[in-house]
Amino acid sequence: MTRLGALVVVVAVIAAIFGPMLAPFDPSAQELALRLEGPSSLHWFGLDELGRDIFARVLSGARISLMVGIVVVSVSATIGTMLGAIAGYFGGRVDEAISRIIDILLAFPGLLLAIALVAVLGPSLTNVVLALCLIGWVGYARLVRGQVLRAREFEFVQAARALGAQTSRILVQHIIPTALPAVTVQATLGMGGAILAEASLSFLGLGVQPPTPSWGTMLSYGRSHLLDAPHLTIFPGLAIAVVVLGFNFLGDGLRDTFDPATTRRT
Amino acid sequence: MVRFLARRLALTVPVLLGVATLVFSLIHLIPGDPAQAMLGEAATPHDVEELRRRLGLDRPLLEQYGTFLSGVTRGDLGTSLRTGQPVASQILERMPATAELAAAAMIVAILCSIPLGIVAAVRRGTSLDHGAMTLALAGVSIPNFWLGPLLAIIFSVELGWLPVSGRGTLAHLVLPAFSLGAALAAVLARMTRATLLEELREQYVVAARARGVSRLRSVMRHAFRNSLIPVVTLIGLQFGSVLTGAVITETIFSWPGIGRLLIQSIGFRDYPLVQGCILLIAVTYVGVNLLTDLVYGILDPRIRYE
């Protein structure tokens, strides 16, 4: 399953980079006479309500989805790792302050805070990324804090401290690397989560705005043609499900590799 | 137990205060003048000034914060800009629909996931196990805003068995409940399998088998009952994703709950109503988490003494 996941991820990345070049049609080109036409040998996924090629738009949507995933995961993982490491290493009031912020942000279930933030900031791709980063770092911070609490008692860390190494050096060179395998697993699973989150917000009309092709927006528009043109709904949804499943397979596989205890348990 | 309860309640108070503070701040995060943003570009300066005064935005920030907190503690969440009705009464009106949907989704999830998890654990390593877990991982990956329309295409459009939207009869509840419960079912199935596998390795299960207890009885009467503790906790923790999922599911199936009210109020820039919905969902989530912790404390005495 890990290999299958890796394969899906590689294909998605290739589609995101080269998709617009490989696509047989311009994702914005309209053929109004053929609007809502079903899949055919010419238009593999059919045409949408404005006569645009859905296959070309799904490929373009891959770029948006993966870009959001990469930015959100990179920013969230970096901020979360730093704050989690600082909270875990220093303890005391610093830990207390960071932990309380984490508790408050975790009191908002799932996407709720992102929905609220985008609602007030206004619907746009930038605001979606900002909102997802604001809620995304929390998971990494909590994970890394736990790892650091354990790692700071390791002998090699105490030895570095005894040798007079600077705190920043101990954190960056000795402590944070012990948390990286767990962060890598979380980041891989987080890619799927971020892609789903962006699609959810776009579906609700709070994310990517038309005419930019996004899988969530395409699904949202497909809803009004559920009876006469179900292909508008089927293909973008399938793209989301396959890519997220790929990241989840890969994340699960990496967890088994990095944490043999989990493998033994399951 | 009383100390455990008191400690958990004491930890909840600052979280609730933080939640209320964040919800209060939302209106001040609006770029530019919040009153202008709510009324739109066409509003006259007089209307904007009037709304600013009505919402108390012309007063010092600390005073606004104090008024907001005191209102929240009295159940006064302000007035809807669009309908002029109290926000609290509008939310209370929609609450039964969301509660009904959330409860139905959780029942669907539990009924589907527990047998799947048990079968996967008992038949570990077989194709049945791999199939069940692949299905579970697919359940986590399939967005409910895709599953919902797919179910509607099959069961409403093609087969004509179930209504495609609205609320009223039990038939109306089936598609939204399955659409919302699928992801939870997937998570619970994986958890049931993992915890049951741990329990099946315990000495008391081996001892029960050695005493001649049947395999089915040793699994269901001994191992499964103990494996339920983390599963029950997870059900509580996953309530949050059910609440968030309800926002999308209610939008898809035109289900008249709080989630749909939230999305509608965002569309109308009715920010007091947006704040009310967000606050209520977050407070419900905190309450359910607290309840889950307490239940966990009752089920597993070790937690109480940590």
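1. Two residues are in contact if their C-beta atoms, placed from the backbone, lie within 7 Å. In chain B, 71% of the contacts with a separation of 6 or more are between residues 24 or more positions apart.

2. This is a predicted model, in which local features need pLDDT of at least 70 and side-chain atom pairs count only at pLDDT 80 or more, whereas totals for chains, interfaces and linings use all residues. Residues are numbered from 1 along each chain as its sequence is written, and chains are lettered from A and ligands numbered from 1 in the order in which they are written.

3. Chain B has 14 helices and 0 strands; these are DSSP runs numbered from the N terminus, with at least four residues (H or I) for a helix and at least two (E) for a strand. Its C-alpha atoms fill a box of roughly 85 × 55 × 30 Å along the principal axes.

4. Of the 306 residues in chain B, 41% are buried, that is, 20 or more other C-beta atoms lie within 10 Å of the residue's own, with C-beta atoms placed from the backbone.

5. Helix α4 of chain B covers residues 61-73 and reaches 18 Å from its first C-alpha to its last, close to the expected 18 Å. The expected span is 1.5 Å times one less than the number of residues. Just after α4(B), G75(B) adopts a positive phi of about 80°.

6. The contact between the chains takes 36 residues from chain A and 39 residues from chain B. On the side of chain A that touches chain B, α9(A) gives the most, with 8 residues.

Note on methods: A residue is buried if 20 or more other C-beta atoms lie within 10 Å of its own, exposed if 12 or fewer, and partly exposed in between; C-beta atoms are placed from the backbone.
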